[in-house]
Amino acid sequence: MAGAWVEPEEGKFDFSLIDGLLEGARKNNQRIVFLWFGSWKNGISSFVPDWVKRDTTRFPRVRVRNGLPVEILSPFSAEALAADTRAYVKFMEHLARVDAKRRTTTMIQLQNEIGVLGDSRDRGEAANAAFAQPVPGPLMEHLVKNRDRLSPAASKLWNAAGARTAGTWTEVFGVGPLTDELFMAWHFGRYLEGMASAGKRAYALPVFTNTWIVQPEDRGPGDYPSGGPQPLSLDVWKAAAPSIDLNCPDIYLPNFPDHVAAFHRDDNPLFVPESRGDAGGVANVYYAIGQHAALGYSPFRIDNT
């Protein structure tokens, strides 16, 4: 459900599309998982309303190495967070009014394949100021408390920099694009935590993210959306966004077992929101459920198969 469809004019909301989808699902004895395309879809901000697209002062964009803005809302924008949260809460309040008794809607996907494309991090003024600050205390506390359970990638990066328990981002994790990725993961996570927690106060449905996973041709963060929930950054997301129930992989690559193993953890049950719908996808369903107790598997564009 795109923010542009729900709030085409600021402060004016239209839920007719939602109501039509609910009605169709009920007639066919189906359930719905709504996708909220608010600030980001596939790493860019293509589904924001026109009034957000036009105002780059109020809603600043990510800036990359050349200093130019790209069409990605900056997660350091308090105005963007406030606007997206208001619309999302209105949506959840509407669902609570029209669907709480029927429970046609089972879960919400918040944003889509979040992260920065074109660079490893936002290099705008607000982002640079935050990057120079110490790693937030709650994140350091989480890492220290869960030291023995961190993902191998996160543990390796932290230990290689000396496993410090305080310092700036580069002091704690070292200098490089992977540190940038963890920095963005924290701030994207905090943005989504603000939205998810507010939405759950209106209607307490489970909420999940989906991840554009690293592709074989990718050389580093920014080739894939930097800051999204990846195996490297899952622990950062868990600390930043406790109101997110699941962080889930979109898997089209052939090495399906490796990817589900990286995302299925004691603190992160497995759900696959996008994947192959061919014969290989059928096999993936059985593997995901049998080996990883997956909650579900969603083949992409199954209506074309």
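Helices here (H or I, at least four residues) and strands (E, at least two) are DSSP runs, numbered from the N terminus. The model is a predicted one, so to speak of local features takes a pLDDT of at least 70, and side-chain atom pairs count only at pLDDT 80 or more, while totals for chains, interfaces and linings use all residues. Residues are numbered from 1 along each chain as its sequence is written, and side-chain values use heavy atoms, with hydrogens and water left out.

Helix packing comes first. Two packed helices are described by the angle between their axes and the distance between the axes. Axes are lines fitted to C-alpha atoms, for helices over the stretch in contact, and angles run from 0 to 180 degrees between N-to-C directions. Take helix α11 (residues 256–263) and helix α12 (residues 279–292): their axes come within 11 Å and cross at roughly 40°. That makes α11 oblique to α12, given that angles under 35 degrees count as roughly parallel, over 145 as roughly antiparallel, 65 to 115 as roughly perpendicular and the rest as oblique. The crossing of these two, α11 and α12, is right-handed; a crossing gets that name if the near helix is turned clockwise from the far one by less than a right angle, and is left-handed if anticlockwise. On the α11 side the contact (heavy atoms within 4.5 Å) is made by F256, P257, V260 and A261, and on the α12 side by N284, Y287, A288 and H292. Sorted by class, this contact of α11 with α12 has 6 nonpolar, 2 polar and no charged residues. For these classes, Ala, Val, Leu, Ile, Met, Phe, Trp, Tyr, Cys and Pro count as nonpolar, Asp, Glu, Lys and Arg as charged, and the others, Gly among them, as polar.

Helix α4 turns up in two further pairs. With α2, the axes come within 11 Å and cross at roughly 40°, and the crossing is right-handed. Here I18, D19, L22 and R26 of α2 meet F91, H94, L95, V98 and D99 of α4, a contact with 5 nonpolar, 1 polar and 3 charged residues. The other partner is helix α9 (residues 177–202), which packs against α4 at an angle of about 25°, with the axes 8 Å apart. That makes α4 roughly parallel to α9. Once again α4 passes α9 in a right-handed crossing. From α4, the residues A80, L81, D84, T85, Y88, V89, M92, E93 and A96 meet Y191, G194, M195, A196, A198, G199 and A202 of α9. By class, the α4 and α9 contact divides into 11 nonpolar, 3 polar and 2 charged residues.

On a 1 Å grid over the protein atoms alone, a cavity is a set of points where a 1.4 Å probe fits but cannot get out, and a pocket is an open set with protein on both sides within 12 Å along at least five of seven lines; lining residues have an atom within 4 Å of a point. Grid points are joined across faces, edges and corners, and a volume is the space filled by probe spheres set on the points.

The largest pocket holds about 840 Å³ of space. Its lining runs to 29 residues, with V33, L35, P273, S298 and F300 nearest the centre. The lining of the largest pocket splits into 16 nonpolar, 7 polar and 6 charged residues. The second largest pocket has a volume of about 200 Å³; of its 14 lining residues, T56, P60, R61, R63 and S74 are closest to the centre. Helix α5 gives the most to this second lining, with 3 residues.

As for cavities, the count comes to 2 of 30 Å³ or more. The largest cavity has a volume of about 120 Å³ and is lined by 14 residues, with V48, P49, V52, A83 and D84 nearest its centre. Helix α4 is back again, with the largest share of that lining, 4 residues. The second largest cavity, at about 50 Å³, is lined by L143, L150, A154, S155, W158, F173, L182, L232, D235 and V236. These divide into 8 nonpolar, 1 polar and 1 charged, and α7 gives the most, with 3 residues.
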